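Good morning, and thank you for coming. Please look at the structure on the screen, and I shall take you through some of its parts in turn.

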Amino acid sequence: MDRSPIFEAVGVQKAFPGVLALKGVNISLLPGSIHALLGENGAGKSTLIKIITGVHQPTAGQLRLDGQAATFGSPRDAIARGIGVVHQERNLFPRFSVAENIHLERLAMSYLRPVDYAALNRAARPWLEALDLDIDPATPVSELSVARMQLVEIAKALSLQSRVLLLDEPTASLTSSETDRLFTILRRLRDDGTSLVFVSHKLEEVQEICDRVTVLRDGANACESRSMEGVDRKQLVQMMIGRSEGAGAWRHRDRRDQPEVLDLAGVDTALGHRDVSLTVRKGEIVGLYGLVGAGRTELAKAIMGQFAVTGGEVRVNGAPVKIRSVAEAIHRHRMGYISEDRKSEGLILQHSVLANAGVPIWRRLAQAMGSLTDGRVRKVASPFLTKLEVKTPSLAQSVGNLSGGNQQKISVAKWLAANVGFLIVDEPSVGIDIKTKAYLHDLLRELADNGTAILLISSEMPEMIALADRIMVMDEYRIRGEVTNSGVYAEISHRIMDRIHDAPQPAA
Amino acid sequence: MSVAPVPSALPESSSDGFARLSRTRFLLSNEFGLILLIAAFALLFAVYTSGFLSVFNLFSLGRNAAVNIMIGLAMMTVIVTGGLNLAVGAIGVCAAMGCGWLLQILGLPWPVAILGGLALGAGLGAVNGWMVVRTGLHSFIITLATMSIFFGVMIFLTRAEAFRDFPEAMTAFGKMRLLTYLSPLLLLTFAVALALAWLYRFTVTGREMLAAGANPAAAELSGIRVGRAIILCHMLSGLLAGIAAMMLVTRNGAAIPSMAGQLGQDWLLPAFLGPVLGGTLLQGGKVSVLGTVLGAFLVTMLSSGLLMLQVGAFWVQTFLGLMLLVAVLLDKARRSWLARRNLA
Amino acid sequence: MTNLARLSRTDWFGPLLATILAVLLIQSLSANFLSAYNIQILLLAIAVNALVAYSQMIIIAIGQMNLSVGAIGGLAAISFAGAMEVWGLPAPLALTFALLIGLGCGALNGVLIRITGISAFVITLATLSIFKGINLGITEAQPFYGIPEGVKRFGGAVLVGPVPWLLVPTLLVTAILWFTLRRLPVGRFILAVGSNDHAAGLSGISVGRTVIIAHAISGLLAAIAGVLVVARLQIGQPSIGDDWLILSFAAPVIGGAILAGGHVSTTATFLGVVIVAIITQALVLFSIDPFLVQVVLGVLILAAVGLNKLRAGAATGGR
């Protein structure tokens, strides 16, 4: 190909205290292409995005725009140089109109010249039309659907003359018809010469829309800006995880004769789940698969008593129960929940390793007048921290200063210390390195072998297939079906996708 | 389930290296800085004023510090939750007036009246906590409203009149001197501070308060009843505000509706000065009882010393404000310095 | 029906309805309520209180709070009175001086918050103490009595019927503020920063400058309020502003302001002030204990934040 790249990153390194997040990464973006940026969590993807968009500055290496060396001192710098980005979290002002959101940049020129809203609306219209957005530019953004808000952000980026447009998981919260519409628009932008970067975990979508691909693994290129032609899914996965995915570790286990630890029968919840039935037996790992927004985490929290169960029956160890609070679930029913959001729901970052690992057992260890010394907690918790090889200078270290992998080990250790009989594990491998992940998988299997009932929530199909005995498929807050795992990736992923797509699509 | 626990080989906090690290850390800590400041100013006042070290001044300094520290502790217990309690002053006055009413109108014996007043303080605190938990609103706006409500109701019920007939036993306690210059009020305050330190370090309840304040979502998912912990924090705040008010009553020999100014606002500055100087930047989940005690003591000493330096009573408030500003700036600088060296 | 639904979503509709109902109710109970004298007292209270409320509202708009509103107002008030009595400055010069003091105090708050990154609560608590201390240090808690006749006359004059002249500056400010928050980029920036400061920075808005401007405006408004109180009381009381804190939060919150920032309404805040004034006045009229005003204010704040919360989160489930 003889098109010259708009943007290149050459040998980019980024060091954070204690970690080398990027170890010399290259990427080059051509005009008129959709470039997939892939990598597992922790591979360095988000660090690279932050460097391209000017949030971080590289420790070594170079960024080039049109062949010229460029440095972005701030996100503003990158925007001004034509690098637009649409983040996963919305960067819009909900109470401002669509037109004002798109053109706020323009107002920033002066503080006191009155805003001419009519002109603003006129100016916004072409950008909306370019994206087939049939909305009045005067509508407040808060009244739009999530999909449309995303398009407004794209319109805003385009109006800033972005020549490179990064889309970070743009389909994460879209329905399939909304995704199709987005793709039509992305293809049109590509044909107009924009260079798009598509970051996604959904390989089907990547294969559908991208023409070039860069894969990161462990902070380095597993493949560098190559054409998607002739690359199949298997190769992509191999590049991402460094081995072919699938059954390696999985082994057949039959727990059907074991007693039921958790049993939901036709459960409705205050969050909108309807008629959810599922069973987890002693020593069994049951997968709960679904796309983001399917209601899996919400179900987990309802099971734990954080949100009300409004119908049906919940049985723990065979006895019907009503769990009114998380404390009750943990202390009375010996249930545990490892949150997907380690930083805001799983751990108390500013507190010590010991304090975090001990929270669920405090009450149990307390002596007269509720007194409790660190020594008592340490005696129970530290063997598990040791076993999980948590690397920390001391037990008094703040958890916030540890790596993601170590943090995750602490959130697991705390439930091991609490000796729970039923454990919900929500997206266990977000933000941890591959080695820890493999370790974690072994650990979960060992736990199950020793009798813990585990409900595993994951959006990563390989993880599901590597761990689960049975997989429940959830979509739109309902269970769509059950798949018994055979460890064969192609077959199982196909059957799971069928369960999701069989469901009636809502009118979009 | 048994994932076989392996005997621990983790580097333990008792190892030598850690002890050395913690000593350096103490020398860099806010508490140590406060001790230095207190010593420096004490020296300054002792040299440049005549009466600073007089028996009378040390006595009244201790007595004032006792009240100010207690007010600071009352705020601290809520700052732990990441919130604040603007109603400390209003609750304190209500507790004092409640005590006076039980004593004077109902004619109850004074220990019962004091307990009743303290219970009223704790109860009003619990009302605050309950509302914060139930509405999910920030404690700022809740306690702003309740400060107005509590104070208004109290003034309405008492017709803004003071209770002055306190028994000898109570007023004598406020005037009592141990070893010629030590007020028993100060000892009481130290006892309460020790109890709080014990609460946060060595009890489940205290730990749960800290966890709930640092990260309520994570705390709840770890089995802590966050709502209850927060209500308890507010109750404790109300109780401590009540104790502070009782101390003032024994000192003044009267329960006066205006003892904490309009709506109890006069307590707000001392209430925040202690904890903020003590190193809590109002973020919750961390607590330094020692820091709060030292901070409040420093403030009391400064006000007294400045008055002796003939600065003029009206300017003291300006100095206290400047002091707060300088303190938070220094603390900020210290923190970023520590962060750069990876010590924090 | 849809029109009504649309109306009920605006911020001013609820407070307006409440205002009208309150007026009708109180008037039906006491025919004196809408007498010219009563209306004049109402309007005088509104004139000052609205400015106090705006002073806080503009800070709520950027998602912060300003505890020093009253201290700035008090300092500006005694600067105004003191400049005339002690320095013998003519009223317009003294006015400019006082307003500059307010502007400067506010800007100082903004600058301190911005460069230290410390919460507005702590900073304004410190400056509250500093400004109030300066006020007391200068006056030694004694009022300035030497207010020129012209100022006194302005404070007591009526424009037409029961409408006092004092209301005129307030109405002007209301209009300007309304226009600023709706139409001027600076107002939009303030709301944008309050709504999402990160996104505002990405859109090329200087977050730091916007925060400082908002605080400067807040200081200026508090100063205007302080000056108006001097004109009304006809003396420069050092205690001016001491009781503004609760009020300054009550009216914006009744007007639907979201304390997290990004959303305030000038008209609804004005109506909030009107409601507070009417209720206060009614308590006086029915010779109910004036101390209960505090209780009513507190209850109003709680009710308003509760309602706002319900309006904002009507859709979310949970317990």
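Let us begin with chain A. Its domain assignment gives domain 1, residues 7-241, and domain 2, which is made of residues 245-334, 421-428 and 454-508. The centres of these two domains of chain A, taken over C-alpha atoms, are separated by 34 Å. Please keep in mind that this is a predicted model.

Now to a sheet in chain A. Strands of a sheet pair through backbone hydrogen bonds, either parallel or antiparallel. In chain A, four strands make an open sheet in the order S2-S1-S4-S5, and their pairing is antiparallel. Which strands stand at the edges? They are S2, residues 19-29, and S5, residues 68-70, of chain A, each of which pairs on one side only. On average, neighbouring strands of this sheet are turned by 30° against each other, direction ignored. As a detail, strand S4 of chain A, residues 60-65, pairs with S5(A) in the antiparallel sense over three bridges. You can find A:Leu65 opposite A:Gln68, the latter in S5(A).

We turn next to the contact between chain A and chain B. It takes 43 residues from chain A and 34 residues from chain B. On the chain A side, the elements that give two or more residues are helices H10 (326-331), H11 (342-346), H13 (362-365), H14 (374-387) and H16 (434-449). Which of them supplies the largest share? That is H14(A), with six residues. Sorted by class, this side of chain A has 20 nonpolar, 19 polar and four charged residues.

Chain B also touches chain C. Here 35 residues of chain C are in contact with 34 residues of chain B. Helices H6 (120-139), H12 (245-254) and H14 (292-312) of chain C each supply at least two residues of the side that touches chain B. The largest share, 12 residues, comes from H6(C). By class, this side of chain C has 20 nonpolar, nine polar and six charged residues.

Finally, a word on chain C itself. In an unreviewed entry, UniProt places the feature "transmembrane region" at several spans of chain C, among them 36-55, 120-138, 211-232 and 292-310. How do two of these spans look in the model? Residues 36-55 of chain C are 100% helix and 0% strand, with end C-alpha atoms 29 Å apart. Residues 211-232 of chain C are likewise 100% helix and 0% strand, and there the end C-alpha atoms lie 32 Å apart.

Thank you for your attention.

Note on methods: Residues are numbered from 1 along each chain as its sequence is written. Chains are lettered from A and ligands numbered from 1 in the order in which they are written. This is a predicted model: local features need pLDDT of at least 70, side-chain atom pairs count only at pLDDT 80 or more; totals for chains, interfaces and linings use all residues. Domain bounds come from an automatic or database domain assignment. Two strands pair if DSSP finds at least two bridges between them. Axes are lines fitted to C-alpha atoms, for helices over the stretch in contact, and angles run from 0 to 180 degrees between N-to-C directions. Two residues are in contact if their C-beta atoms, placed from the backbone, lie within 7 Å. Ala, Val, Leu, Ile, Met, Phe, Trp, Tyr, Cys and Pro count as nonpolar, Asp, Glu, Lys and Arg as charged, and the others, Gly among them, as polar. UniProt positions are given in the numbering used here, feature names are shortened, and annotations may be inferred rather than shown by experiment.
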